[in-house]
Amino acid sequence: MRVSLAVLLFVYTTAALHLCTAINPAPENCLNYESTYHITRACDCVVYQSSGLTSGRFTSPNFPQVYPASINCILYSFIGEPLEIIELNFIEFDLKMPDPSGRCGDFLRVYMSLERPEVNEFSRHDLEFCGGYSSIQNTVFSAGRSLILEFHSDYRTGKPGNYSGFKGVFQFLDKRNFQTTGSKVAGQSCLYDFNSNNSHHSGRFFSPFYPQHYRPNASCRYRFFARPGERVKVIFSNVQLHHIDASDPYPRTRSLPFDEQLLAFVCCRDSPDVITVYDGLDESTPVIGQFCGVHNSEEVISTGTTLIVTFVCDDRNQKQGFSASYEFINKHASKQIKSIKNESNPTVPTSSSQFQCNENMDSRTHRNGTISSPFHPGPYPANIKCRYSFHGGGRERIQIRFVHMDLHIPRETSSAEDCSDADSVSVYILINGKTEVLNTWCGRKLPPMLMSNQHTMIVEFQSLHSSKFITGFKAQYSFVTNFGIKEGQQDNRGMCVFNYQSAVKTSGEFTSPNYNGLYPRNTECHYLFYGKERERVQITFIDFDVDGLTPRCEESTNSDYVSFSNFAESEDRKMTRLCGSAPVEKREIWSDGPFFRVIFKSNEMYDSTGFQAIYQFKGPTDEEQEFNSRKNDYAPKEQKRNSGNSIYNSSATASLENSIVIISASLLLLDYSIFVFL
């Protein structure tokens, strides 16, 4: 017998109003769907409907007490309006653990992809949960207006068990908030275009099926076309992608061409699921952003009028994906100048024409320049705060070098290390979308040369005092794309990849980013060495200071590190990473053959001065000559180590000759004794 939609909605509503406050399922509360699943399985039913209800909670029977054994079937049905989807968040989860074969005796099955609010014996569930909270997907979303949970517990003799069940909250969401606002290209499975015009300046875009998990082997492209005089700004508000630990052997990339292998391993070389942002019309243009794992509030800005975002994943371990917004912005940022009032000292100028503060430096209008405290090199006013904001585009980084520092420190302050009551300069960067202070400096000691980890940076000057004897600060800034690395041929896509070829130069120097200042955080650089046939690469570190815990230098210990590999597509397990202050005996590294890769990686927490190294391409003849040179140099060094003059060396030589004569005589005597004995 078929039931009309009006009757179903009436039953849904009355059941929801009656049952949403508690869970006391009973067969008579089940709905008469076209299927008889709830009858054949003897299912009890609990229904939550959107009408008059935007959110609520659900629990297993008796929660937080132990749930009963032998629950054959309870169906939790969540039914939204036509343009709604359902979000479930599990707050607590404690079911019986699976058996050794992985089978769940007690389970909660999730049906997320239903066209109608019903299941039958042929319905395929999307997820099955059992065990503890850490073993389940804590948040699930429906594909449409319906979602159903099926709860089952096995028959048990004696005590029912010691498992409390589950507790969660649900809410009905507007499906339109997760729709991509671009135009889908006809005939393409996942290609979208976004065009700036008089009526379209901003919008949203998502990974496929967001907020549900993306599907296996997804491949999507999102193309943005701004008008002349505009740039494209993209903010990734939520990124949840599958990530592989760096120690894995990376089988995914072995079949790719070398240049694609290289792209896969820079920044997100470990991850099979990657978002890549290109600063141009296609994938041959510079890469200005790459995201994998978990990120929030990541921002990228194009240097021109076009930008492309690509998303690819493999066939395993799908996650939620990403949510992003975009905006077509004016190409030139306006420079803001604000006046500063100092009511405690009326003699200090307050007009913006007398001194500048709160400046915005955009790379389009100011590629380099200087910033300074007001009235430098004269005294600055008291009780002011000046902010200097830097905004680049693409892969540009901001490099700042302080050339003068003379800030007031109270006499009671012991040193410039304590800046709490002193005039100071603070530098801020973006880490995972949040503004974090890099450090604060005061007194007369120059800060080290600094570099941003993204295309934005803020310098903030704060004065609490004023004195006619202080002269403030001055710093030089520049927007750079070479990461402060001066030698080597940079990859044409603008990434931190530098090539060194024996055919071009047989020896030279390479450094960490921004050397000899502090290297930037959250940065990964690859140095690729290409020798001729039968050549090997010799790397010698002259200076080495990379923050990390030896001897393993693992990411789990928040270590920055330098690693080495004879392979283009994977880390070389037989070669040891370096971090900390590497001892002298570990500072010389040799490749096995003509190709060698050196990788520098910093995290988001600490920084140091990095490294300075020299490289040399050496063939078999060079190595043989070096070996003989070292062999010839070894004996004199040993003699010098054990003596202070040449007379002692001569005596030692004579003593050695006498010892040889004595040993020879002893051997002759031994031979004679044996002969007599025989």
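**Contacts, sheet and disulfides**

Modeller: This is a predicted model. Among its contacts between residues at least 6 apart in sequence, 78% join residues at least 24 apart.

Biologist: How many helices and how many strands does the chain have?

Modeller: The elements are numbered from the N terminus. The chain has five helices and 38 strands.

Biologist: What percentage of the residues in the chain is buried?

Modeller: A residue counts as buried when its relative accessible area is under 20%. The chain has 678 residues, and the buried ones make up 48%.

Biologist: Which strands stand at the edges of the open sheet?

Modeller: Five strands form this sheet, with mixed pairing, in the order 30-31-33-37-35.

Biologist: Which residue in strand 31 is the bridge partner of Gln490?

Modeller: Strand 30 pairs with strand 31 (residues 497–501) in the antiparallel sense, over two bridges. Within strand 31, the bridge partner of Gln490 is Phe498.

Biologist: Is the disulfide of Cys496 and Cys525 left-handed or right-handed?

Modeller: Cys496 and Cys525 are joined with an S to S distance of 1.9 Å. The torsion about their S-S bond is about 90°, so the disulfide is right-handed.

Biologist: How many residues apart in sequence are the parts that this pair ties together?

Modeller: Cys496 lies in the loop between strand 30 and strand 31, whereas Cys525 lies in strand 33 (residues 524–530). Cys496 counts as buried because its relative accessibility is 2%, and Cys525 counts as buried because its value is 0%. The parts that the pair ties together are apart in sequence by 29 residues.

Biologist: Where in the chain do Cys553 and Cys579 lie?

Modeller: These two cysteines form a disulfide, with sulfur atoms 2.1 Å apart, and the torsion of about -85° makes it left-handed. Both Cys553 and Cys579 are buried. Cys553 lies in the loop between strand 34 (536–545) and strand 35, and Cys579 in the loop between strand 35 and strand 36 (588–590).

Biologist: What is the handedness of the disulfide of Cys419 and Cys442?

Modeller: Cys419 lies in the loop between strand 24 (397–406) and strand 25 (424–431), and Cys442 in the loop between strand 26 (434–441) and strand 27 (450–451). Both residues are buried, and a disulfide joins them at an S to S distance of 2.1 Å. The torsion about the S-S bond is about -80°, so the disulfide is left-handed.

Biologist: How many disulfides does a search of the whole structure find?

Modeller: The pair Cys419 and Cys442 and the pair Cys496 and Cys525 are disulfides of this structure. The search finds a total of five.

Biologist: Which cysteine holds the sulfur closest to that of Cys313?

Modeller: Cys313 is buried, with a relative accessible area of 9%. A disulfide requires sulfur atoms within 2.5 Å. The closest cysteine sulfur to that of Cys313 is 8.2 Å away, too far for a bond, and belongs to Cys220.

Methods:
Residues are numbered from 1 along each chain as its sequence is written. This is a predicted model: local features need pLDDT of at least 70, side-chain atom pairs count only at pLDDT 80 or more; totals for chains, interfaces and linings use all residues. Side-chain values use heavy atoms; hydrogens and water are left out. Two strands pair if DSSP finds at least two bridges between them. Helices (H or I, at least four residues) and strands (E, at least two) are DSSP runs, numbered from the N terminus. Buried means under 20% relative accessible area, exposed over 50%, partly exposed in between (1.4 Å probe, protein chains only). Contact means heavy atoms within 4.5 Å.
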